[in-house]
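Colleague: I am new to this structure and would be grateful for a guided discussion of its salt bridges and its sheet.

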Amino acid sequence: MKTFNCACGELIFFENVKCLVCGRELGFLPDVLTLSSLEAADGGLFKATSGKSGGQLYKKCQNYAKESVCNWMIPAEPAPGKEQNTFCASCRLNQTIPDLSLDQNHDLWRRMEMAKRRLVYTLLLFKLPLANKTEDPEKGLAFAFLEDGVNPDGSVSKVMTGHENGLITLNIAEADDSVREKIRNAMKEPLRTLLGHFRHEIGHYYWDRLIRDTNYLDRFRTLFGDEQADYEQALQHHYSHGAPPDWQNNYISHYATAHPWEDWAETWAHFMHIQDTLEVANDFGLVGKSIRLDPGDAQQPRRKTWLSSEQVTFEGIIGAWAELTIALNSINRCMGVADVYPFVLSPPITNKLQFIFEVISAGSAKSAVATNSKK
């Protein structure tokens, strides 16, 4: 997530709602993917100071104006053929939100929305097909943020995070850092984050949109395996027996070994991690140092510099990522803490990531064609 600038020149960040220097209100404009300072206009509307907005007027998302869990804006004039909305492009994806009569739920919901907006930002950046269930009841996307309940007999009814037919369900307990860290340790996961859950589950959604019944299915099965294998049996086997001893050679995570669908979703989430982190690294000028990846090989030429302009190919992306993660891990070790990137990208894993890059690129192109055909 790159940084932005207020009209006064101060650096501002994706989740900010006010500039700490000049006091201007801020709002994210999803139609042009920028965070802008705002100037009040008549009728409760706002003019965005960013030149990208074209001078048009906006209003605050209802969850911004009333609940303070969002900072996204809505164009005052809807696009041709679209209805006027009170919720932004991210909040319109909500089917169910937590029970706000419970005080702790509001903060958990706020954290859920922060992670979801980062997810939606990347999907918009990728130009992937993205519609809510109202716009597309059959293929649209929706989120349900639920909490564990208590049955009449006193037992706990657990909410399972997952995806089914475009509905992504997340247990709001995952927004509690202490709860999530306890689960991470119990599951022996190197990385478990709220944003990671969103990226994993959206991978399942886009498998349905971009792989199922397409020409990509055969290549998917070659790389990830046959998804027709019984899913429930595969999960039971995984939880009973764990991953194969050499799983790191072929899978990005322990859980990815459970079933081809989970391998896809874990690898998809990882590709989104890479893209978002590289956007930050480029924005701060952290990518560009040439590193010899094998210091023991004196004959190996130093790797070329991977600048942001070269990260339009998979080779450019993975090259920049290799350089950046070496630097990040080295910095963490200087502080005496664990590596920020505890993963190894073997050739089979890299091939899977490249396939996802190709699928996203093709999905982006199809989405653009569909959009243009409606104009």
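**Salt bridges and sheet**

Modeller: The side chains of Arg111 and Asp107 form a salt bridge, with 3.0 Å from N to O. Please bear in mind that this is a predicted model.

Colleague: In which helix do Arg111 and Asp107 both lie?

Modeller: The two residues are four apart, about one turn of the helix. Arg111 is partly exposed at a relative accessible area of 28%, and Asp107 is partly exposed, also with 28%. The element that holds both is helix H2, residues 103-126.

Colleague: Is Arg199, which forms a salt bridge with Asp276, buried or exposed?

Modeller: The closest N and O atoms of Arg199 and Asp276 are 2.8 Å apart. Asp276 has a relative accessible area of 6% and is buried. For Arg199 the relative accessible area is 3%, and buried means under 20%, so Arg199 is buried.

Colleague: How many residues apart in sequence are the parts that Arg199 and Asp276 tie together?

Modeller: Arg199 belongs to helix H4 (residues 194-210), whereas Asp276 belongs to helix H7 (residues 260-283). The pair therefore ties together parts whose separation in sequence is 77 residues.

Colleague: Which residues do salt bridges that share partners join into one network?

Modeller: The pair of Arg199 and Asp276 is a salt bridge, and both residues belong to this network. Its members are Glu15, Arg118, Arg199 and Asp276.

Colleague: How many salt bridges does the structure hold?

Modeller: One of them joins the side chains of Glu25 and Lys60, at 2.5 Å from N to O. Glu25 lies in the loop between strand S2 (11-12) and S3, and Lys60 lies in strand S6, so this pair connects parts 35 residues apart in sequence. Glu25 is partly exposed, at 32% relative accessible area, while Lys60 is buried, at 19%. The number of salt bridges in the structure is 15.

Colleague: Which strands are the edge strands of the open sheet?

Modeller: Five strands make up the open sheet, with antiparallel pairing, in the order S3-S4-S5-S6-S7. An edge strand here pairs on one side only, and the two are strand S3 (26-29) and strand S7 (73-75).

Colleague: What does the twist average from one strand to the next?

Modeller: The strands concerned follow the order S3-S4-S5-S6-S7. From each strand to the next, the twist averages 50°.

Colleague: Which residue in S6 is the bridge partner of Lys47?

Modeller: Strand S5 (residues 46-48) and strand S6 (residues 57-60) run antiparallel and are joined by two bridges. In S6, the partner of Lys47 is Leu57.

Terms used:
Residues numbered from 1 in each chain as written. Predicted model: local features only at pLDDT ≥ 70, side-chain atom pairs only at ≥ 80, totals over all residues. Heavy atoms only, no water. Pairing = 2+ DSSP bridges. Axes fitted to C-alpha atoms, helices over the stretch in contact; angles between N-to-C directions. Salt bridge = Lys/Arg side-chain N within 4 Å of Asp/Glu carboxyl O. Buried < 20%, exposed > 50% of the residue type's maximum accessible area, 1.4 Å probe, protein only.
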